[in-house]
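Welcome! Here is a short tour of one protein chain, written to be read with the structure open beside you.

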Amino acid sequence: MLPLTESEIRASFTNTSAHEIARMTLPGLHEIVWEDREFLGWRDAHAIHRGYIVYWRDDRPVGILLKAAGSRMRPGISAMCSLCRTPLPGGQVTLFTAPRAGQAGIDGSTIGTYICSDLTCSMLIRIVPPKSDMQPDPADVIASRAQGLSSRLHSFTDDVLRAG
């Protein structure tokens, strides 16, 4: 992923108001290892039910506001993130909804999916599997995971941007 500035991030959002963008808390951009990410995802430190995803799409950044469900899965349940496809304990996966862009979102239309609660899919796909004769090269596994994650994120964004 190419680095982003604060102004690029704030200008990238497609499904939220200028007021919400102004209130958004950003992560420490100087701490991010950009080349090891397919997207920048974070939870708002001042609004615990809000999350954000920003990524490069067709040579421009696109941002999506996410709202986390208020309830969590009960302990002992397993779940899978729909973006990175990593199986995790249920408490580490959250149902997020994203208002659709434009009038549909203003009218209350949303898209929902289960995503890693901390939005760190890019890190999880980089957990290297052990090298063995039965496994493909770990670098190939990570490249395949990254491609799948990017494809599923693109598809989710298409749904958010669709008029309804």
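Glu-35 sits in the loop between helix 2 and strand 1 (40-43); helices here are DSSP runs of H or I with at least four residues, strands are runs of E with at least two, and both are numbered from the N terminus. The model is a predicted one, in which local features need pLDDT of at least 70, side-chain atom pairs count only at pLDDT 80 or more, and totals for chains, interfaces and linings use all residues. Residues are numbered from 1 along each chain as its sequence is written, and side-chain values use heavy atoms, with hydrogens and water left out.

With a relative accessible area of 61%, Glu-35 is exposed. For these labels, buried means under 20% relative accessible area, exposed over 50%, and partly exposed in between, using a 1.4 Å probe and protein chains only. Although Glu-35 and Met-1 are 34 residues apart along the chain, their C-alpha atoms are separated by 5.2 Å. Setting aside neighbours within four places in sequence, Glu-35 is in contact with Met-1 and Arg-126, where contact means heavy atoms within 4.5 Å.

## Aromatic rings

A search of the whole structure turns up 2 aromatic pairs. Rings of Phe, Tyr and Trp (its six-membered ring) pair if their centres lie within 6.5 Å; planes under 30 degrees apart count as stacked, over 60 as edge-to-face and the rest as tilted. One of the pairs is Phe-13 with Tyr-52, an edge-to-face arrangement at 5.7 Å centre to centre with 85° between the planes. This pair links distant parts of the chain: Phe-13 is in the loop between helix 1 (6-11) and helix 2, Tyr-52 is in strand 2, and the two are 39 residues apart.

Together with Trp-42, Phe-13 and Tyr-52 form one aromatic cluster.

## A cavity

The whole structure holds 1 cavity of 30 Å³ or more, and the largest cavity has a volume of about 30 Å³. On a 1 Å grid over the protein atoms alone, a cavity is a set of points where a 1.4 Å probe fits but cannot get out, and lining residues have an atom within 4 Å of a point. Grid points are joined across faces, edges and corners, and the volume is the space filled by probe spheres set on the points.

The lining consists of Phe-13, Thr-16, Glu-20, Ile-21, Met-24, Arg-50, Tyr-52 and Leu-65. Helix 2 (18-23) and strand 2 (50-57) are the elements that give two or more residues to this lining. By type, the lining residues divide into 5 nonpolar, 1 polar and 2 charged; Ala, Val, Leu, Ile, Met, Phe, Trp, Tyr, Cys and Pro count as nonpolar, Asp, Glu, Lys and Arg as charged, and the others, Gly among them, as polar.

## Two nonpolar cores

The largest nonpolar core has 25 residues, and those with the most contacts inside it are Leu-66, Leu-83, Ile-115 and Cys-121. Such a core is a set of buried Ala, Val, Leu, Ile, Met, Phe, Trp, Tyr and Cys residues joined through side-chain atoms within 4.5 Å. At least two residues each come from strand 2, strand 3 (60-68), strand 6 (93-99), strand 7 (110-116) and helix 5 (138-161). Helix 5 gives the most, with 5 residues. A second, separate core of 13 residues includes Leu-4, Ile-9, Trp-34 and Val-54.

Beyond its neighbours within four places in sequence, Leu-83 has several contacts, among them Ile-53, Tyr-114, Leu-149 and Leu-153. Ser-150, in helix 5, is 67 residues from Leu-83 in sequence but 8.0 Å away in space, C-alpha to C-alpha. Ser-150 is partly exposed because its relative accessible area is 31%.

## Two positive phi angles

Most residues other than glycine have a negative phi. Asp-59, which is not a glycine, has a positive phi of about 65°. Asp-59 lies in the loop between strand 2 and strand 3 and counts as exposed at 76% relative accessibility.

Arg-85 also has a positive phi, near 60°. Its place is the loop between strand 4 (78-80) and strand 5 (87-89), and at 48% relative accessibility Arg-85 counts as partly exposed.

Technical notes: On a 1 Å grid over the protein atoms alone, a cavity is a set of points where a 1.4 Å probe fits but cannot get out, and a pocket is an open set with protein on both sides within 12 Å along at least five of seven lines; lining residues have an atom within 4 Å of a point.
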